[in-house]
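I opened this entry to keep a record of what I looked up, item by item. The sequence and the structure come first.

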Amino acid sequence: PARYPTNLLQKDWSKRKLHYGTDRLDYIKKVHDVEVLPDDVWLVTLPKCGTTWMQELLWLVMNNFDFETAKREHLELRSPYMEFDYMINNDLETCFRPIEQLSRPRLIKTHLSLPLLPHQIWDKKPKVVYVARNVKDAIVSEYYHARNVGAFDDKTLDNYVVEEIEGTKLHDPFLHITEFYALRHEPWLFYTSFECMKMKLRQVILDVCQFLNKTIDDETMKKMLKHLSFEEMKNNPKTNHIWELQQVRAKHGLQPEGQEFNFIRKGQMNAYKQELSPEVVNKVDNWVEWNLKDLNVTLDELL
Ligand code: A3P
């Protein structure tokens, strides 16, 4: 397999936090040994990068464009988020049941970084899809998501973003993205971005079909573009993670219908410029520039 860019190894990562720290080491060890099937499709993203959008697209391509089932069943049940069960139930014995019990071919969503994925990924070579997004928009989107699930209700967007970039950030977005970017020419990996999906969704659908050896006719393409449009997905209860939200809120002892939940929120590119104050935009720009400087890659290239 392709190697990571060597300059990644020279970077000082000492101040970084791992996505999963040692408190979750037992879980990560279990993930290492998860069985991978050769006809699986693994969708890997950072949170808020267009995962749900691509997940619905992939599920439809993999399932003969079965719009009826897609409108009837929650996306999370058709295509589980691997880490979710453990987050909610904390049970190492049962946490992989949702993916083990899924009918084949399985579509599995994960936010884990490349080195933490099951080791069989490298032997069984299932198809892997990676969706990147401008981290500046993803971080704003993350704020609204965290507020929606009840993580806090008194923090401003500016404060959240500054806290995240000044050290408490859960994921290292730059490492997460660039590791997959480095592998983008591998035949088993399809690398794309939220921005590509926004600008040329039709082409992304065609590329995904080709990647998965499927064909699509004009009529179905029209249906896909409509079904995957922002307006349709925003009004589709099966793609708005209502099922997942109910579980998260119950875990925090919150009422299921405590507040209006807008999972599919704004769906725009570069909206961070309007949403953050000019000082925070400046901080975020510097943060991104500092982080990408010695990775020999620009933000535009990653998208
Ligand atoms: P915003 O909060 O910026 O609106 P994820 O699924 O990885 O959590 O990503 C969620 C982000 O994707 C949200 O971004 C959401 O609005 C956006 N999104 C989801 N479906 C979309 C669609 N059909 N068109 C455009 N954006 C979409």
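My notes on the chain, its strands, its helices and the ligand follow.

**Ground rules.** I am reading a predicted model, in which local features need pLDDT of at least 70 and side-chain atom pairs count only at pLDDT 80 or more, while totals for chains, interfaces and linings use all residues. I number residues from 1 along each chain as its sequence is written.

**Whole chain.** I found 19 helices and four strands. Here helices (H or I, at least four residues) and strands (E, at least two) are DSSP runs, numbered from the N terminus. I then looked up burial: 30% of the 303 residues are buried. A residue is buried if 20 or more other C-beta atoms lie within 10 Å of its own, exposed if 12 or fewer, and partly exposed in between, with C-beta atoms placed from the backbone. I also looked up contacts, meaning two residues whose C-beta atoms, placed from the backbone, lie within 7 Å. Of the contacts with a separation of 6 or more, 77% join residues 24 or more positions apart.

**Strand β3.** I noted that β3 covers residues 127-132 and that six of its six residues are buried. Which residues point each way from β3? K127, V129 and V131 point one way, and V128, Y130 and A132 the other. In a regular strand the side chains alternate between the two faces of the sheet. I checked its partners next; two strands pair if DSSP finds at least two bridges between them. β1 (residues 41-45) pairs with β3 in the parallel sense over five bridges, and V44 stands opposite Y130. β4 (residues 189-193) also pairs with β3 in the parallel sense, over five bridges, with S193 as the bridge partner of A132.

**Helix α3.** I checked its length: the expected span is 1.5 Å times one less than the number of residues. For the 12 residues of α3 this gives 16 Å, and the end C-alpha atoms are 16 Å apart, which agrees. Is α3 enclosed or open? I found 12 of its 12 residues buried, so α3 is largely enclosed by the rest of the structure. Among them are W53, E56 and W59. After α3 comes N64, which has a positive phi, near 50°.

**Core.** A nonpolar core is a set of buried Ala, Val, Leu, Ile, Met, Phe, Trp, Tyr and Cys residues joined through C-beta atoms within 7 Å. The largest one has 52 residues, and L43, L57, L58, V129, Y130 and V161 have the most contacts inside it. The largest share of this core, eight residues, comes from α3. I followed V161 and found that it touches I139, Y143, L276, V280 and V284, leaving aside residues up to four places away in sequence.

In α11 (residues 173-181), seven of the nine residues are buried, so α11 is largely enclosed by the rest of the structure. F174, L175 and F180 are among the buried ones. I found L77 in α5 (residues 75-78). L77 is exposed, with 12 other C-beta atoms within 10 Å.

I counted a residue as near if its C-beta atom, placed from the backbone, lies within 6 Å of the molecule. Of the 18 residues around the ligand, T51, T52, S141, R265 and G267 come nearest. The elements giving two or more residues to this shell are α3 (51-62), α9 (135-148) and α15 (230-234).
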